[in-house]
Amino acid sequence: MFVDMLTKNLFYCIMKINLGSTLEVEPTVKGVCYMIYHLENEFLKLAIDTHGAELSSIFNKKENKEMLWQGNPEFWGRKSPVLFPLVGKYKNGKTTYNGKEYALGQHGFARDSEFTLIEETENKLSFELTSSEETLAKYPFNFRLICSFQLKNDTIVVGWEVENTDDKTIHFSIGAHPAFYCEKGKTALTMNGENIKYSLINSDGLYTPKKYEIESSFVLHDSVFDNDALIIENSGVNEISLVGDKKYLTVKFDTKIFGIWSPTKKNAPFVCIEPWYGRCDAENFNGDITEREYGNSLGVGETWYKEYEIIIHE
């Protein structure tokens with residue numbers, strides 16, 4: 001192992017480690033270094049950040065083109081965060097369990113947590129996050145979360161494994177939030193379904209039940225997101241593609257609910273396609289975490305696993 005570290009001050013560091021596979025460490029504020037791991041084949045090169053176990057690059061080698069939004073904070077400073085143990089928002093920013101209130105911000109804490117690499121092969125990387133005193137203050141369950149990334153030709157398989165390490169049933173939501181480059185006004189979004197309807201969130205970020213019709217294929221314009229994300233439930237859709245001059249990207253999933261989002265009134269050059277196993281609270285929700293719509297429960301010692309795919313077309 002060869003280590004070459006240069007520290008200029010408390011706010012900047014660069015470290016390069018050769019472990020037989022590609023690893024780099026990004027300069028950050030507050031003296032913290034986040035490690036970036038890579039997977040690569042003849043089609044794609046991926047980068048995954050240990051901070052949030054976030055997919056941070058999908059480079060199309062055939063087209064010499066980055067496919068994943070690169071986090072310009074002028075529009076949105078993230079790239080592909082994992083949403084755990086909460087998708088969206090709690091009503092009033094808090095939930096209850098056994099009569100006690102727990103406050104947790106939008107989309108949970110995993111996206112801002114440091115994960116540990118636990119598996120590394122030629123085509124797969126897996127990262128782990130476990131409960132701690134800090135997480136238990138926000139979320140009343142012990143857990144083990146594994147986020148995995150597998151490269152299969154032109155396809156990225158993103159896996160989530162949740163293990164209940166508590167002595168009681170745990171309740172959680174989890175979801176994806178990948179942002180893909182697109183040219184508004186020229187890129188179409190297509191879904192493999194018919195008679196599709198969507199709902200919206202209100203100004204407090206809570207689900208509203210009114211349904212609106214949407215075509216299964218439509219051109220992406222900034223005005224589509226004037227009222228924030230489109231929430232689509234129980235539509236039978238399990239495949240969404242982006243089409244410019246040709247179809248260039250597809251997301252496949254098996255969730256009952258997903259979101260489509262781009263920042264409101266910013267003309268941002270990306271769209272998020274978001275498979276969710278969970279959803280923000282509804283306007284009239286009572287706040288009990290055990291009764292959240294689309295929530296997941298897991299018995300003592302049990303493990304839950306789901307995955308979705310991102311396909312980059314030639």
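Predicted model: local features only at pLDDT ≥ 70, side-chain atom pairs only at ≥ 80, totals over all residues.
A charge sits over a ring if NZ of Lys or CZ of Arg is within 6 Å of the ring centre and within 35 degrees of the ring normal. K65 meets the rule, lying over the face of Y248 at 5.8 Å from the ring centre.

**Ring pairs in the model**

- W76 and W261 form an edge-to-face pair, because their planes stand at 70° and their ring centres are 5.4 Å apart.
- This pair joins distant parts of the chain, 185 residues apart: W76 belongs to the loop between β7 (65-66) and β8 (82-83), while W261 belongs to strand β25 (residues 257-261).
- W76 is buried, its relative accessible area being 14%, and W261 is buried as well, at 13%.

**A pair between two strands**

- Y277 and W304 also pair edge-to-face, with 85° between the planes and 5.2 Å from centre to centre.
- Here too distant parts of the chain are linked: Y277 sits in strand β26 (residues 270-277) and W304 in strand β28 (residues 303-312), 27 residues apart.
- Both Y277 and W304 are buried.

- Y277 and W304 belong to a cluster linked by ring pairs.
- Other members of this cluster include F84, Y97, F109, Y139, F141, F143, W160, F172 and Y308.

**Charges over rings**

- K65 is placed over the face of Y248, 5.8 Å from the ring centre.
- R279 has its charged end over the ring of Y207, at 3.7 Å from the centre of that ring.

Key
Residues numbered from 1 in each chain as written. Heavy atoms only, no water. Phe/Tyr/Trp six-rings, centres within 6.5 Å; stacked < 30°, edge-to-face > 60°. Helix = DSSP H or I, 4+ residues; strand = E, 2+ residues; numbered from the N terminus. Buried < 20%, exposed > 50% of the residue type's maximum accessible area, 1.4 Å probe, protein only.
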